[in-house]
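Thanks for passing this one along.

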Amino acid sequence: MAVSFANLNSEAGLKKLDEYLLTRSYITGYQASKDDLAVYTSFSAAPSSKYINVARWFNHIDALVRLSGITAEGQGVKVESSAVPSAPTPDVAEAQAPVAEEDDDDDVDLFGEETEDEKKAAEERAAAAKASGKKKESGKSSVLLDVKPWDDETDMAKLEEAVRSVQMEGLLWGASKLVPVGYGIKKLQIMMTIVDDLVSVDTLIEDYLCAEPVNEYVQSCDIVAFNKI
């Protein structure tokens with residue numbers, strides 16, 4: 001089912017989008033797509049910084065549009081009753097307007113096929129990035145997990161050791177504590193910091209924390225809090 005938003009140039013629309021982006025980096029999925037571009041182009045001006053999550057997302061998509069464009073298809077999104085921008089940014093105008101013959105080298109069609117010049121430019125950017133050893137900037141999130149043992153006989157020290165043994169690029173384990181649940185059972189609450197583009201919390205839980213060998217100690221995991229940094 002397509003995601004739908006009301007007028008994003010109104011207080012009510014911005015508030016809804018801000019709440020929606022509280023636990024998401026993108027409108028749909030785990031990478032920027034045409035869904036993000038559809039919402040991005042519905043703004044008549046940059047959103048107020050008081051909508052923290054919207055402002056973070058808008059600035060990120062704005063940078064992607066200016067740097068390399070967005071081509072992932074997305075899942076479909078509807079933006080209702082949004083005002084049409086009277087003076088779109090140069091990048092958005094380029095995505096919407098026909099390409100003039102004399103500007104073939106500069107304009108980028110975000111929805112069409114890549115031209116030979118665009119492919120060459122992309123290859124040059126990739127080569128330059130590789131040569132400099134720099135990686136694309138990515139957002140980070142702070143996540144609080146509840147990790148539950150099988151029973152009151154589970155060794156919680158070994159449980160925490162098993163959890164922390166899970167290592168991957170973009171994952172950093174933080175502080176932890178044991179919280180009483182009842183009937184002599186305690187759960188582990190543990191913080192972690194993740195790089196959004198590198199770590200999926202759902203995949204981490206399903207494929208690592210609730211899979212062998214960690215599931216010898218861990219019965220289940222729940223996300224208690226998920227905040228962008």
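The points below go through a predicted model, starting with the aromatic rings and ending with the cysteines.

1. **Aromatic pairs.** Searching the whole structure turns up four aromatic pairs. One of them joins Phe5 and Tyr20, whose ring centres are 5.1 Å apart with 80 degrees between the planes, an edge-to-face arrangement. This pair links distant parts of the chain, since Phe5 sits in strand β1 (residues 3–5) and Tyr20 in helix α1 (residues 11–20), 15 residues apart. Both Phe5 and Tyr20 are buried.

2. **A tilted pair.** Next, look at Phe43 and Trp57: the centres of their rings are 6.3 Å apart and the planes meet at 45 degrees, so this pair counts as tilted. Here too distant parts of the chain are linked, with Phe43 in the loop between α2 (34–40) and α3 (52–67) and Trp57 in helix α3, 14 residues apart. Phe43 and Trp57 are both buried. Ring pairs also tie Phe43 and Trp57 into a cluster with Tyr40 and Phe58.

3. **A charge over a ring.** Please return to Tyr20 for a moment. Arg24 lies over the face of the Tyr20 ring, 4.0 Å from its centre.

4. **The nonpolar cores.** Which residues have the most contacts inside the largest nonpolar core? They are Leu145, Val147, Val163, Trp173, Met192 and Leu209, in a core of 24 residues. Two or more residues each come from β3 (140–149), α6 (156–164), β4, β5, α7 and β6. Apart from this core lies another, of 21 residues, which includes Leu17, Leu37, Tyr40 and Phe43. As general background, nonpolar side chains in soluble globular proteins tend to be buried together.

5. **Trp173 and its surroundings.** Trp173 deserves a click in your viewer. Leaving aside neighbours within four places in sequence, its contacts include Leu145, Val163, Ile190, Met192, Leu204 and Leu209. Arg164 and Gln167 are also among the residues that Trp173 contacts. The bridge partner of Trp173 in β5 is Met192.

6. **The β4–β5 hairpin.** Strands β4 and β5 pair in the antiparallel sense over nine bridges. Two residues lie between the strands of this hairpin, where Tyr183 takes a positive phi near 55 degrees. Most residues other than glycine have a negative phi. Tyr183 is in the loop between β4 (171–182) and β5 (185–195). Is Tyr183 buried or exposed? With a relative accessibility of 83%, Tyr183 counts as exposed.

7. **A cis peptide bond.** Between Glu212 and Pro213 the peptide bond is cis, with omega near 0 degrees. Most peptide bonds are trans. You will find Pro213 in the loop between α7 (201–209) and β6 (218–228).

8. **Cysteines.** How many disulfides does the structure hold? It holds zero. For Cys210, the closest cysteine sulfur is that of Cys221, and the 4.3 Å between them is too far for a bond, because a disulfide needs sulfur atoms within 2.5 Å. Cys210 counts as partly exposed, at 28% relative accessibility, whereas Cys221 is buried, with a relative accessible area of 10%.

Terms used. Residues are numbered from 1 along each chain as its sequence is written. This is a predicted model: local features need pLDDT of at least 70, side-chain atom pairs count only at pLDDT 80 or more; totals for chains, interfaces and linings use all residues. Side-chain values use heavy atoms; hydrogens and water are left out. Rings of Phe, Tyr and Trp (its six-membered ring) pair if their centres lie within 6.5 Å; planes under 30 degrees apart count as stacked, over 60 as edge-to-face and the rest as tilted. Helices (H or I, at least four residues) and strands (E, at least two) are DSSP runs, numbered from the N terminus. Buried means under 20% relative accessible area, exposed over 50%, partly exposed in between (1.4 Å probe, protein chains only). A charge sits over a ring if NZ of Lys or CZ of Arg is within 6 Å of the ring centre and within 35 degrees of the ring normal. A nonpolar core is a set of buried Ala, Val, Leu, Ile, Met, Phe, Trp, Tyr and Cys residues joined through side-chain atoms within 4.5 Å. Contact means heavy atoms within 4.5 Å. Two strands pair if DSSP finds at least two bridges between them.
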